[in-house]
Amino acid sequence: MTTIVLVRKGNQVAIAADTQSTFGDTRLGHLHDARPDKIFASHESLFGICGAAAHDLVLQAALAKVRSLDFSSRPAIFDSFRKLHPKFKEDYFLKTEEEEDDPYESSQMTVLIANAHGIFGMYSMREVYEYRQFWAIGSGRDFAIGAMRAVYERPDFSAADIARVGVETGCEFDVNSSLPMTLRTVEMTDASQ
């Protein structure tokens, strides 16, 4: 799995991720992976994704094909993924089955999004959340969330500092995450939101 975190503090947004991929009992670390970065840019946003390794390429390819998508707010992200879902199925052969009694087809992916408008998470049935301070996904998420909560109020810690603590802690305790990390920041257009 992975550890991917988002942090919003002051006028800065940060997204950070570990660099390990895991296939069953086999780990692929940054020394052997030619492209270990789990964060990519598209549509004026930074994306971090967890789930099947194929999701990364599928989402990047779909975003490259559909230019008229908006990731600036919770409703806009929902609508963008609603538009992408049929493409995942038709163009990339996504298997949408999860549980028999699920109310909607699953997109099978969990995505964190950071941009100048805030920090957001999109989950498998296109549930979209906007976070006020921080959040994490992946198998190291619980460790990362706890660590970020412990340091968030420190006045000397920026969003990037807090994100770094989150990923480092996730990597220290989660067997499916490892350093080094990648970290990117964005300045907020309106930090008072």
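This short talk describes a loop, a pair of helices and two further backbone features in the structure above.

Good morning. The model is a predicted one, in which local features need pLDDT of at least 70 and side-chain atom pairs count only at pLDDT 80 or more, while totals for chains, interfaces and linings use all residues. Residues are numbered from 1 along each chain as its sequence is written, and side-chain values use heavy atoms, with hydrogens and water left out.

I begin with the loop between helix H2 (74-92) and strand E7 (110-115), where Ser106 lies. Helices (H or I, at least four residues) and strands (E, at least two) are DSSP runs, numbered from the N terminus. Is Ser106 buried or exposed? Ser106 counts as buried because its relative accessibility is 0%; buried means under 20% relative accessible area, exposed over 50%, and partly exposed in between, with a 1.4 Å probe and protein chains only. Leaving aside neighbours within four places in sequence, the residues in contact with Ser106 include His85, Leu94 and Met125, where contact means heavy atoms within 4.5 Å.

A polar atom of the Ser106 side chain lies 2.8 Å from the backbone nitrogen of Gln108. Gln108 is in the loop between H2 and E7, and its phi is near 65 degrees, a positive value in a residue other than glycine. With a relative accessible area of 23%, Gln108 is partly exposed.

Asp102 also has its place in the loop between H2 and E7. Its relative accessibility is 24%, so Asp102 counts as partly exposed. A polar atom of the Asp102 side chain lies 3.0 Å from the backbone nitrogen of Glu99.

I turn now to the helices. Two packed helices are described by the angle between their axes and the distance between the axes. For helix H3 (residues 141-151) and helix H4 (residues 159-173), the angle is about 140 degrees and the axes are 8 Å apart. Axes are lines fitted to C-alpha atoms, for helices over the stretch in contact, and angles run from 0 to 180 degrees between N-to-C directions. H3 and H4 are therefore oblique to each other; angles under 35 degrees count as roughly parallel, over 145 as roughly antiparallel, 65 to 115 as roughly perpendicular and the rest as oblique. Among the residues that meet are Phe143 and Met148 in H3, and Ile162 and Phe173 in H4.

Two backbone features remain. Leu179 and Pro180 are joined by a cis peptide bond, with omega about 5 degrees. Glu44 has a phi near 60 degrees, a positive value in a residue other than glycine.

Thank you.

Note on methods: Polar contact = N/O pair within 3.5 Å; in protein donor to acceptor, adjacent residues only side chain to side chain.
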